[in-house]
Amino acid sequence: MSPGRRTSSRTIEFPDISEVSSNPLLTVDDLRTAFRTPRGTLRAVDGVSLSVRRGETLGVVGESGSGKTVLSRSIMGLLPARDVVRSGTVHFAGHEMTALPLADLRQIWGAEMSMIFQDPMTALNPVVRVGRQITESLRLHLHLDKKEALATAVELLRSVGIPSPEERVRSYPFQLSGGMRQRVMIAIALACSPRLVLADEPTTGLDVSVQAQILDLLATLQRERHMAVILVTHDLGVVAKRADHVAVMYAGRIVERAPTRTLFAHTRMPYTRALMESIPRLADPSGTRLRAIGGRPPDLLNPPTGCRFAPRCAFAQDKCRQEEPPLQPSEHPDHVFACWFPLADGASATPEPVAVAAPRRSGGGAGVAAGAGADVDTGAEQ
Amino acid sequence: MTATPVPVPGSDVDPEVVLSVDHLVVEFQSGKRRVQAVSDVSFEVRRGETLGLVGESGCGKTTTGRAMVQVQPATSGTVRFEGQDLGRLSNRELRATRTRMQMIFQDPISSLNPRRKIRDIVAEPLSIWKVGTAEERAARVRSMLDSVGIDPDTAGDRRPQEFSGGQCQRISIARALMAGPSLLVCDEPVSALDVSVQAQILNLLADLKAEFGLTMVFIAHDLAVVKNVSDRVAVMYLGKLVEVAGSDDLYRSPAHPYTEALMASIPEPDPENTSAYAGLIGELPSPLDPPSGCRFRTRCPYVQPKCSAEEPPLREVAPGHQVACHFPLGTPVAAPASTTT
């Protein structure tokens with residue numbers, strides 16, 4: 001298929017694949033992004049370091065407000081021009097992204113690094129046929145003529161599993177189902193065979209059945225094209241079988257990062273474990289009480305001192321509230337975590353499945369504090 | 001306000017059946033054609049029970065839910081609530097009955113009026129029916145907000161946009177419970193929420209169900225979520241029920257290939273679990289032109305010639321376990337299509 005070829009008279013040069021294969025494709029070092037707001041400085045990304053190799057998938061997992069979307073936008077350089085402070089470095093395929101002027105970034109966006117957005121209805125232009133939305137980058141970056149670009153667009157739609165693509169290139173986004181629109185988004189993102197795709201909640205809002213199809217499709221295309229993918233999601237279930245490495249974000253920071261199997265088998269950070277335990281499992285009997293995480297992520301305008309998860313953590317002690325734990329290596333390779341009192345293998349993050357669903361009524365028992373961290377002082381389960 | 005249900009005299013109404021849906025059909029006009037969103041669906045919900053209704057987008061589960069509370073009129077068939085045929089009530093009677101059957105919706109933020117204060121939003125069901133004095137209503141609002149985990153002192157004077165999705169859903173739940181319903185219909189109440197918040201809301205619903213003695217219908221596309229909250233689960237596909245069973249029964253021995261496929265597509269948070277089954281292929285066919293015979297046959301891995309010729313009726317395969325499939329799983333006939341016998 002033709003979109004794989006790289007014919008261009010670009011001004012910005014990319015080293016040959018063989019030269020960089022031993023180094024990570026993307027290295028992010030101490031990235032910080034803050035927004036100036038009327039209420040103060042909001043540190044959405046606060047010192048994140050990570051790396052991604054060619055063809056690899058990194059899962060970035062966190063709740064709403066953990067900074068995961070701002071992180072992916074900061075890596076791309078897709079940030080508002082005003083009231084934003086970004087520091088740190090983003091090294092991508094031999095270029096320092098943070099130092100590039102907009103004109104150079106435009107050559108990278110879509111061609112070398114692209115993004116699949118969460119909401120395909122708002123990310124697609126509603127009054128432009130999907131075919132033209134795909135050919136746009138083909139004509140710009142690969143300098144295909146109209147006919148070539150259209151033929152390529154049809155092939156791309158076929159490769160993302162859209163039936164009768166010859167007709168579908170003429171459709172408008174509203175004529176397609178949610179799953180089909182997300183496939184179109186993927187086709188646009190992959191049109192120029194980028195080396196890195198940032199997928200920001202690519203399946204949130206879709207049915208579980210369609211979600212599995214879309215993620216499988218992304219994985220297949222990734223293998224065929226040897227792309228690297230950063231898969232951003234709130235659901236650890238989504239990354240469990242699809243990511244090589246997983247980074248868990250909380251309040252703007254990475255709190256645990258490991259190869260996927262290590263992360264699930266040897267979880268150290270209580271927040272990671274709590275995220276895993278909050279997912280309802282089919283195998284559990286009906287009516288099983290979910291181990292919910294009480295409270296909410298902290299206000300990033302005014303994050304708590306010490307460990308930022310401490311107010312919601314079942315194991316928090318005085319040290320956690322005073323001193324912020326650094327990312328430290330575990331005994332497993334490539335596994336780092338930020339916790340003063342790490343969990344043992346297989347330990348639960350909620351000592352007892354108590355009613356921490358909410359800061360519920362005040363008369364609910366002496367030890368149950370209202371607000372965050374409602375379950376701090378309950379005893380051990382076994 | 002307490003419009004006590006009057007059972008239809010001489011009929012076989014079981015007082016333990018809160019809701020009974022009988023041969024429900026809902027049609028919409030689509031251009032010049034009629035499209036059936038719900039095609040002949042029948043089920044009962046017993047007092048204190050939670051019935052889960054699960055299926056993909058477009059399967060008719062939301063329309064069924066809306067028809068239950070008569071937001072969407074039925075084209076044919078009946079919906080009986082506490083013995084009353086809702087289709088035969090006058091608007092006035094229906095309005096009174098609706099205080100006992102409430103619904104919560106998928107998008108918690110847009111289902112709350114952005115210009116009103118939380119205390120007014122939650123008080124509205126009582127204000128409409130002029131229940132109690134203003135002080136009594138205020139007290140009810142406080143205790144209800146407290147029940148759903150919202151601090152009435154700080155939240156009462158604020159407006160919906162100041163709250164997160166999870167908090168807005170708590171507020172919607174508080175509003176739904178104000179008039180003292182016996183039936184709560186929840187339409188995808190957690191699918192717009194993060195998994196962590198989802199768990200909080202599901203636990204909250206379980207608590208409130210016990211506290212207020214509710215009967216619930218829980219509509220969602222994620223079978224793991226539905227199974228967690230439901231006593232029984234009804235699986236819908238393209239306007240029809242394809243399987244109804246107790247939750248644990250359904251998980252242990254799914255009889256319909258569609259149920260099996262729905263289960264396989266759930267992302268389990270376990271990297272070691274490498275189930276070979278790929279889940280569902282393709283998309284839901286257009287309800288304008290449903291496939292002949294079994295509607296699932298176009299996506300079914302076990303399809304046989306009989307499936308396109310004849311529509312399988314919903315029949316009992318085990319006590320309390322109904323399935324609409326010619327070759328239900330777990331029986332010797334249900335071999336993959338490739339093995340010809």
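Quick definition before anything else: when I say helix or strand, I mean a DSSP run, H or I of at least four residues for helices and E of at least two for strands, numbered from the N terminus. With that in hand, take A:Arg289, which sits in the loop between helix H12 (270–277) and helix H13 (318–322) of chain A.

Some housekeeping. This is a predicted model, so local features need pLDDT of at least 70 and side-chain atom pairs count only at pLDDT 80 or more, while totals for chains, interfaces and linings use all residues. Residues are numbered from 1 along each chain as its sequence is written, with chains lettered from A and ligands numbered from 1 in the order in which they are written.

Now the domains of chain A. The assignment, which is automatic or from a database, gives domain 1 (2–243) and domain 2 (267–281 + 288–332 + 341–382). Their contact (C-beta atoms placed from the backbone, within 7 Å) takes 11 residues from domain 1 and six residues from domain 2. On the domain 1 side, strand S2 (40–52) and helix H10 (236–240) of chain A each supply at least two residues, and the largest share, four residues, is from S2(A).

S2(A) also belongs to a sheet. It's an open one of four strands, order S2-S1-S4-S5 in chain A, with antiparallel pairing; pairing here needs at least two DSSP bridges between two strands. The edge strands are S2 and strand S5 (95–96) of chain A, each pairing on one side only. Strand S1 (residues 26–37) of chain A is joined to S2(A) by 10 bridges, and A:Arg36 stands opposite A:Thr41 in S2(A). Helix H2 (residues 68–76) of chain A lies across S1, S2 and strand S4 (84–92), at about 70° to S2(A). For these angles, axes are lines fitted to C-alpha atoms, for helices over the stretch in contact, and run from 0 to 180 degrees between N-to-C directions.

Over to chain B. Here four strands form an open sheet in the order S2-S1-S4-S5, with antiparallel pairing. Strand S2 (33–46) and strand S5 (84–85) of chain B each have a single partner strand, so one side of each is left without a neighbour in the sheet. Strand S1 (residues 17–30) of chain B and S2(B) are joined by 10 bridges, and B:Ser30 has B:Arg33 as its bridge partner. Helix H1 (residues 61–68) of chain B packs on the sheet, its direction making about 120° with that of S1(B).

Last stop, the core. What does the largest nonpolar core look like in numbers? It has 203 residues, where a core means buried Ala, Val, Leu, Ile, Met, Phe, Trp, Tyr and Cys residues joined through C-beta atoms within 7 Å. Those with the most contacts inside it include B:Val122 and B:Ala174. The largest share, nine residues, comes from helix H7 (residues 195–212) of chain B.

B:Val122 is one of the buried residues of helix H3 (residues 118–128) of chain B. The buried residues of H3(B) pack against helix H4 (134–147), helix H5 (152–155) and helix H6 (165–178) of chain B. And B:Ala174 touches B:Val122, along with others including B:Met144 and B:Ile150.

Technical notes. Buried ≥ 20, exposed ≤ 12 C-beta atoms within 10 Å, placed from the backbone. Contact = placed C-beta atoms within 7 Å. Lists of a residue's contacts leave out its neighbours within four places in sequence.
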